[in-house]
Amino acid sequence: MIQMLNIKWDNGVTGYLSKSEKELCEKIDREISAINAVSKTEISVVISIEGGNQFHIRRDTGSLIGYMNAEQCWYALKGIMTSLLYMERQVD
């Protein structure tokens, strides 16, 4: 069982993760930690089992981006981090 600090199962219902999803979850978890360290908000990922494992990027106010697979979630988070780093350089 992998330890996920920033990824939770929706409504406490734990599903099954494939090997590739587990690997991506480790990357996703690290990326979220990096994003939260750079940004002024806390985001997380929730996995729902409806229609297969569906990943949702959320923050305390609700869902930001939803209904994607693990790979799409990984790339969405990479895009968020790239945008944050770009904006940070524009402020300097």
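Trainee: Where is N11 in this predicted model?

Mentor: N11 lies in the loop between β1 and α1.

Trainee: Why is N11 called exposed?

Mentor: Its relative accessible area is 71%. Exposed means over 50%, so N11 counts as exposed.

Trainee: What is phi of N11?

Mentor: Phi of N11 is near 55 degrees. That is a positive value in a residue other than glycine. Y67 also has phi near 55 degrees, and Y67 is not glycine either.

Trainee: Where is Y67, and what makes Y67 exposed?

Mentor: Y67 is in strand β4, residues 62–68. Its relative accessibility is 56%. The cut-off is over 50%, so Y67 is exposed.

Trainee: What about G15, and why is G15 called partly exposed?

Mentor: G15 is in the loop between β1 and α1. Its relative accessible area is 28%. Buried needs under 20% and exposed needs over 50%.

Trainee: Which residues does G15 contact?

Mentor: Leaving aside neighbours within four places in sequence, G15 is in contact with W9 and I49. The C-alpha atoms of G15 and G52 are separated by 9.0 Å. Those two residues are 37 residues apart along the chain.

Trainee: Now the helix. How do you know that the span of α1 agrees with its number of residues?

Mentor: Helix α1 has 20 residues, 19–38. At 1.5 Å a residue, α1 should span 28 Å. Its end C-alpha atoms are 29 Å apart, which agrees.

Trainee: Which residues of α1 are buried?

Mentor: They are E21, L24, C25, I28, D29, E31, I32, I35 and N36.

Trainee: Are C25 and C73 buried or exposed?

Mentor: C25 is buried, with a relative accessible area of 0%. C73 is buried too, also at 0%. Buried means under 20%.

Trainee: Which residues touch the most other members of the largest nonpolar core?

Mentor: I28, V45, F55, C73 and L77 do, in a core of 21 residues. The elements giving two or more residues to this core are β1, α1, β2, β3 and α2. Helix α2 gives the most, with 6 residues.

Trainee: What does C73 touch?

Mentor: C73 touches I28, V45, F55, I57 and M68, not counting residues up to four places away in sequence.

Trainee: What makes V45 buried?

Mentor: V45, in strand β2, has 1% relative accessibility. The limit is under 20%, so V45 is buried. Beyond its neighbours within four places, its contacts include I28, F55, C73 and L77.

Trainee: What makes K27 sit over the ring of W74?

Mentor: The charged end of K27 is 5.8 Å from the ring centre. The distance limit is within 6 Å, and the charged end sits over the ring.

Trainee: How many aromatic pairs are there?

Mentor: A search of the whole structure finds 0.

How values were computed. Residues numbered from 1 in each chain as written. Predicted model: local features only at pLDDT ≥ 70, side-chain atom pairs only at ≥ 80, totals over all residues. Heavy atoms only, no water. Helix = DSSP H or I, 4+ residues; strand = E, 2+ residues; numbered from the N terminus. Expected span 1.5 Å × (residues − 1). Buried < 20%, exposed > 50% of the residue type's maximum accessible area, 1.4 Å probe, protein only. Core = buried A, V, L, I, M, F, W, Y, C linked by side-chain atoms within 4.5 Å. Contact = heavy atoms within 4.5 Å. Phe/Tyr/Trp six-rings, centres within 6.5 Å; stacked < 30°, edge-to-face > 60°. Lys NZ or Arg CZ within 6 Å of the ring centre and 35° of its normal.
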